[in-house]
Every structure is written in C-alpha cells, then in structure tokens.
Amino acid sequence: MRRHSAHSARRQGNSRPLARRMERRKLSRSGRAALAICLARQCSEVQAEEIRGNNAFASHLVLGHADGSWLEASQVPILHGKGLLGIGQTIGLGDTGVLTDSCSFHDAAQQVPFGTTSSSHRKIAGYFTAGGDTQDGPHGHGTHIAGSILGQVEGGPQAGQPDNGVAPAARLVVVDVEKVTSPGNYQVPYNDIGRSYFDIFRKAEANIVCSPWSFPENADLDQQIDLYVYNHPEFLPIYPSGNAYLTEDHTVPVSPPDSPCVAKNALCVGASFTARQAYLERPSFVHTALQLGSSACYGPLRDGCAEELEVYPAIFGATSPSPENMATCVSVASECLSFGGACPECAFDPSVLAVVSDVPAFASSPLDGCQPLTGFPAGAACVVQRGSCYFATKAKHCSEAGAVGVVIVNGAGQPPDVMTSIGSDADGLTLPVVLISHKDGEKLLATGKLVTFPVVPQKVDPHARAPFSKYGSHAGRFKPEVVFPGDGIASTSVDASCGFVQQSGTSQSCGVAAGTVALLREYLQEWADPTLARLPNPWASTLKAALITASEVHRISTSTATLWTEEVGFGLPALASVLPVPAGPGLFAVQSQSDSTSTQRFCFELGSQGEVARTVTLAWTDPPHRHGQLVHDLDLEVSCDANNWGHAFGNGGASHDRSNNVEKVLLDSHIGTAQSGLCIVEVTAQSVSERQPQSFSLVVAGALLPSPECRASAQPSCVNGNPVQVAATGSWACRCTEPWVGAFCDQTAKQLELSTSEQSKTYSLRALQWSFFEATASCGAGSYELVLEETSSSVDPQFSIAATWGHFEVLSFSPEMQSVTVTSSTEAIAGGHRITKLVQIPEDALQTAAKVSFALHSSVRDQPVSFSLRWQPHGDLVGTCASESAATGATGSTSIVIYVIIGMVALVLLASVVACILLKTQKTRQVYEAESSPVTVGDARIQSYPPKASEAWQSQDMMP
C-alpha cells in the first residue's frame, strides 16, 4: 500500500503583492511533497520488525554506531544507551497534525491537551491549531515526523517495541496547519509568524521547532524570522532546504534552498542518505550501480578502484520485487525514479547484489537483441542497444545465449526509464537486467574491462546529499548548514494504531534534526562539565555552534579534512563523537558579547589529539536585514604556536568570511598531530553597532583546555611589549611596556579612587576575560583593602584576583610582590560572594613604586557578569585617611567658586567658536551628505563613512 502526498503546491501569482493581500497561502512541503511509502502490503504492526527498529538507522548515525551496521534491533544508539533521551525537553512541530492515538504518542492515563498545555501527558505538551484542525491528514506527514522526533511506545522497550524517536523522552507541542478536508494546503500565518505561530510554541516552553514546509521565495518571511530569533535568543526554528525533482536526463539540478530555510538565524537542514546497511538490506532500482573494473581491479579491491556507473535494474528477472509488492511497485516506480528517493516497494532480494561479478562484457549480435543472438560467448555480460522490441525480449535472447547478466544501453539523449515486462518473455528469467546511459554504455566494451552489477554505489553514504535535497549558497551563505538522514526514514504511520511507514524528503531530515538538537540542549543543560560547557539557558546560536562542531563532511584522506561543501554545508552531525560521557574535558562552550572596542581572546592548551577532531566554531544571531545580508559581522581567527602562529580563518578561507554568521575552524588541518602548545582563539567585531553589542556563542571540541594565563611554548606576538621566557616553567609570555597590560599587552588599567565611605563602583566583565585596575597608596604606608562583590548563584566565586606592586608587567595569577604582602578572604553574602584582598604596604615599598595593580579574571562562561569594586583604607589608616579627606574638602570648597567662574567664561567662548564653525561648515556638510550615501542595515541606517549606526534595533521583548 502506498500513501500519496499532494504534489507541489507552489505559491500562486507574484509573491510580494500576494503576500500583502492574503493572510494565509497554500504552501509546498519543502518545495515538493514528501514520498510516503509503506514497506508491506499494509502499514501495520508487522512492519516494525521489517523496518528494523523504526527510524533506528537515522538515530544510530547521529547518536552512535555511525556505520549503521548494527545487527540486532535491541541494540540502542550509544547516547541513548547512556541515558541521553531528551528528558525535560519540549519540542515544537508545525505540520499537518499528529495522530495522538498512535502507540508512539498515546497516554492511557491522560487526555490530549487540545487548545491548551499539559504537564502530565507523557508525549503531548500542547496541541494547537493555526488554520488546521486536531487530527492528521490522510498522508500522515506530521505523524511521521513527530515519530522521528520523539516517538516512544507506551512502556518503552519493556513493551516489546523499540523507540522510534531521536529524543524518545521529550514531549511535543503541535501546531496543526492543515485541515483534513484540504490536504496539501498549509495555513501558515506567514504575515504574522511571530505572534500567531512562534509565540504558541515559545509560551508552551518549546524553544526548538521543526516546521517542515517552505516557500520558493519569501524575503519578508525570512526577515520576520531573523527578527524573532534576534529578540528571543533561545528560540531555534528548524527548516528543511526543500525537495527538487530530478531533471529529465536524471541529473541533479542545482536548486537553492527554499524560504525560510535561507533566513540567517534559522537552522537550515538538508537531506542525506541514511546508513548503507539500509540499502544493502533492501536494494531497489533507484540507488544502484555497475562497477567497471579490470584485470588489475577486481574482487575485494573493486570498491577502491573501479569506476561506478549509474544503472537502473528492471522490475523483472532477478531484480523483481516480491510478488505481493509487484502491483504497488509498478504504480510508484516512475515517481521514485523522478524523485530519486528510496523505493522500498520495488526492493529486490539482497542476495542478487553483485551476482554478476568481474565478467567481461560483449555486444550482442544483433545489436538491439531483438532476435536470437549469434556468436555470443557464454558466461559474459550481454550489452544490447535499446529500441525495436521489449526490454524482456532482449533479456530473454541474452539469457538463451548463455549471458549471466544484461546491460541495456539507452538511446542518445533519452532519459532513464522504468523497465517493466510486457507479455510472457520475462517468465522464468533469473538473471539481472539493468539500464545504463548511452554515454556510459560506450565504456563497457573497452578491452580488458570487467563488469560487476548490481551494487549499491559508494556514493550512497550518510555524509552525502540525497539526490532530491536542494542546496546552493544564498547571499554567499552556506545553506543548508548541515544534513541529516532523510532518505527512506521509517517512522510512525497514520494508518495504524501502532504501525510504521517509510518516507523520504527534507521534511524527514527536519524531524531528525529537531530531536538531535533537543538532546544537545539537554546535554548542555544537565550533562556537560559545569566548569567547561554546562549552560542553564543555551542560546539558539549555541545550539547551532555545537551542532556544527559535531558535523563532519566525509573525510577524503587520512590527513586532510573537508570543512564544508556546497551540497551538505558543514556535513552530518555525530553527537557521540564530541559529547564526553561522563562529563569531562573535550567540550567547551561560552556565551558572550562583542563590540568594536576590543578583540576577545580565549587561550587553550593543546592536549593529545585523540579521536575527536580539535574544532572551534563561532555563531551569532544577527539582526534582521531586508535583503538577508549580515548586519553585524564577527570574525573568527585561530593561531597556534605549534605552527609558528599561522592564522586560520573561519570557514577555511584565505581571509575573513563576510557572509556567514557561523564560522568554523578545523585545527587539526593546521597543526597536524601536535600534542602540546597554545592556541589563541580570537573573536573580533568587524562591524557592530556602537549602541548594541553583538551576542555570540563559541564552542570548542577535542583536546583543548582553557589556559587563562596564555603561556606559550614559542615566542608570542606582543602588541605593546616583548616576549619573555618564564624561568620556572620555560614557557613564553609577554612583558608589557607601561601603561599596557594583559596577556598580549593590548589593554590598559582602570584607575581606582580611594573610598572612605564604603561606596563601590559597578563594572562589567565579559566571559573568561581579564580586566585590570590600578590603585595608589594615597594615605601612605599601611593596610588597604580591595573589596569585590559579585551577584551569583554559583557555589564558588566567579572571579580570580591577582595583585602586584607597581606595574603588572607579566600576566600571572601569582606575581612577585617584593615587600608588599597580599592576603585573600572570601565570604558568602546575600545573592553572591565578597572577595577581599588585604594589601599591606610598608614604608620601604613606597620608595620603589606608588601603586598596586590588580588583574581580575572571570571564570563565567555565560554572558557578561557585573561586579562592584572599591579600594579603601583598612585598620589604623581609616582614621588617617578620613582626616586628610576632610582637610582636602575644606581647601577644595574655596577653590570651587574660582572653578565655577572660569567654567562659565569658558562656556561663553566655546559657544561662540561652535557658532562660527557651524556657519562655515554648512555648505561642506551638504556636500558630505551628498557624497556619503546612506546604507540601510536592518532597521538602522549608517553612513558609509564613518561606520557609525544612528540608532539601535528595536526589541520586542528581550535582547541577547
């Protein structure tokens, strides 16, 4: 049985004017309808066993056992087996609806919360409608994807049914956008996507939302989505790249992804093949090849040296589907061929694979094979030309001549076709028959060539793009950013109370992606090392950065890795390879902000290479732009002493990326197998509004540990200083020239005034950064205190403070203090901690310097942290300083009157000068305004020179 989805439902008429006239519009499911395919005559319980674990191939690829070659259905993916199941996570799905009575979602003890939310239903956290109803349509699109996200039979594995969802312990918020009476019409409120769609999910605590629908183009919707995510930084919408049918000659068109997958702040997901094991178990005519080897390339060597030519097996002979599936196969074969997706109705016996093995190929005589052959050598493959008679007739004549297999060469310029049998000629045929293109057919008869067929081609790889998946850059940006299995995904069926069905499409990839991101969110919130990667409220940009860090394009050799490709973006995520379980080193995450004032540097100490690629990824949620361009541009740059401080730019270019708001560096491609040393990760704001800093997420994987002091094994580059070797360790650091301070001598210290009234000043320090302060011993020798108070819910203080007498030349947590003594104390206060540094300055110390310098380091990894700071006298100095302050105040009051008079005169003179300048520059300003054309950036306008934003972007709710 086969369930047909509606065909492509493109937008009608001109997109923009129609968008203004209509509240809702007919959409396409990712550009084309997904192929909904049953694997047996009925979508029933027996299908679960036949499908081998219901979505299990996709889950194993992402969560462990990446080769997909597991053999027993009871074997669970690595991360599931360790307990990462989506506990506490709520995921959103906006689709055709969900069959809530299916065993994947049913709760015998609770009612489905239609029109409201529920904290008690085991799977459905809320079921709402946006132009839809409260049930799934006849094609079961939403039910299938919901099963891939979090389907779990009530009772779980104990009930004898394996989980079919990637996040089986998570719960779902449904927004139904299709009526059963109008299948294919998605009533998405695209003119008000924030309040009428996204808010439903977010208010029900679903911050990860799969929306498996698309427009061919809708720039207004793209901008709305970018704005919504910018104003709600924890909200991550996931969209499929869209489906494209193959061209008539069966080539793959380069078709850019649909809207709103191209939105900057959405996660755009393409479809990849599923595990090769799935195709080896159920081969069909869609994903099949002929291997062209030779006397030097045969047998076990073939996979590495033979040329693979695409072929299409007949649905008769050895590659015939089972008798019970034959009628269904014939009815769907043409669509399978044009879509390029898995076609299990036409699956043939896997024992037929490579049944023709390393044999020579000979042309038939006559060439078209329409008459009995003459002079054909038995035991060879028979090559015949298409035309003049039925396919089965040609195969019959070849078989009678002793051929072991038949290759029918298509006519020049003819598209591939489904080879069916007419009449009785196919009766009794047991040899494989395949169709090959005219161009490739000419290669078969070359001297010394050996052929093997049918085989599952090497290109059918889970890292490779499925043929129907749209791809292509948008405004220079990588779209899709990642791929997930989307070909032949087995999940919950709408046609049975506890059945499963196979579907293909980028919509299916969206569901697998949503479940994966939920597991990633759970890991960061609950599982990650609290000092390295745990984040209570991970941003959307953090989830994207972590996902892309875990993604890999198929490696092309042992020493070189491909960072990204146009077809698959950053590749296929494999969470088990980057998430340390149990928690520990190997994953680092930070959420911070950047502005134009300074570069933020993060230092990491290299460790042994291990199995996890050492990777750095930067991502940020960018303000909206009407044309989808970057508004805020951050740059990622990594340099390591292991390769003489060579610079690696984000996304592998020879210079900084100017198009993407995700940038990634594969360190191992630059430093090889280096086991020790220092790497410096720099995040620089190339262009950021002066009124609103840009939030960003940084994720680091592999053997890299934070190193706040930035000690290197080779001479570093010191901006305002010189490299110096530290005697105690032999490592290198920077010795800074006064007044410069910091690990690289590019910061200056703030001045602390002496406080005698316990009044503090508030400061802010960004994640894992240093800040420097200087204070003078203005009351002479004696005891002083530096008092820092922080607001924090953490058990331990979030700051480390180092002090030195005089200039802080070399950054260190334990600098030399000469004769000055510093003692520390920490105490808990309401809502945080108080750190006190008691500094005792003797008389002789005042002969060498007159100031004490402090270096503050924040261990916080989640946003800037505020703190108050004061420098005050201690002990006997309190009274002395108070007297001096009073005397200074009396003298100062006498001077105030003089200062006021001088100030008033200065103001009058200044006003006169300004008036003259304004009059003289009026014409010049007019010329400047004419030459300096305004540039529209988001909702703000800046001049091309100077690059200064005139106003900040408006927030609806919250700024990241």
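**View 1. Ala 354 in its loop.** Ala 354 sits in the loop between α10 (326–339) and β11 (356–359). Helices (H or I, at least four residues) and strands (E, at least two) are DSSP runs, numbered from the N terminus. The model is predicted: local features need pLDDT of at least 70, side-chain atom pairs count only at pLDDT 80 or more, and totals for chains, interfaces and linings use all residues. Residues are numbered from 1 along each chain as its sequence is written, and side-chain values use heavy atoms, with hydrogens and water left out. Phi of Ala 354 is near 60°, a positive value in a residue other than glycine. Ala 354 is partly exposed, at 26% relative accessible area. Buried means under 20% relative accessible area, exposed over 50%, and partly exposed in between (1.4 Å probe, protein chains only).

**View 2. Ala 475 in its loop.** Ala 475 is placed in the loop between β16 (449–455) and β17 (482–485). Its phi is near 55°, a positive value in a residue other than glycine. Ala 475 is partly exposed, with a relative accessible area of 45%.

**View 3. Two cis peptide bonds.** Ser 259 and Pro 260 are joined by a cis bond, with omega near 0°. Pro 260 belongs to the loop between β7 (236–240) and β8 (267–272). The bond from Val 581 to Pro 582 is also cis, with omega about 0°. Pro 582 lies in the loop between β21 (572–573) and β22 (587–594).

**View 4. Helices α13 and α14.** Helix α13 (residues 506–527) packs on helix α14 (residues 540–549) at about 105°, with axes 10 Å apart. Axes are lines fitted to C-alpha atoms, for helices over the stretch in contact, and angles run from 0 to 180 degrees between N-to-C directions. The two helices are therefore roughly perpendicular (65 to 115 degrees). From α13, Thr 516, Val 517, Leu 520, Arg 521 and Leu 524 meet Thr 542, Leu 543, Ala 546 and Leu 547 of α14 (heavy atoms within 4.5 Å).

**View 5. Aromatic rings.** The structure holds 25 aromatic pairs (Phe, Tyr or Trp six-membered ring centres within 6.5 Å). Trp 770 and Phe 772 are stacked, 6.2 Å centre to centre with 15° between the planes (stacked: under 30 degrees). Trp 770 is buried at 9% relative accessibility, and Phe 772 is buried at 2%. Elsewhere, ring pairs link Tyr 197, Phe 198, Phe 201, Trp 213, Tyr 228, Phe 235 and Tyr 239 into a cluster.

Technical notes. Angles under 35 degrees count as roughly parallel, over 145 as roughly antiparallel, 65 to 115 as roughly perpendicular and the rest as oblique. Rings of Phe, Tyr and Trp (its six-membered ring) pair if their centres lie within 6.5 Å; planes under 30 degrees apart count as stacked, over 60 as edge-to-face and the rest as tilted.
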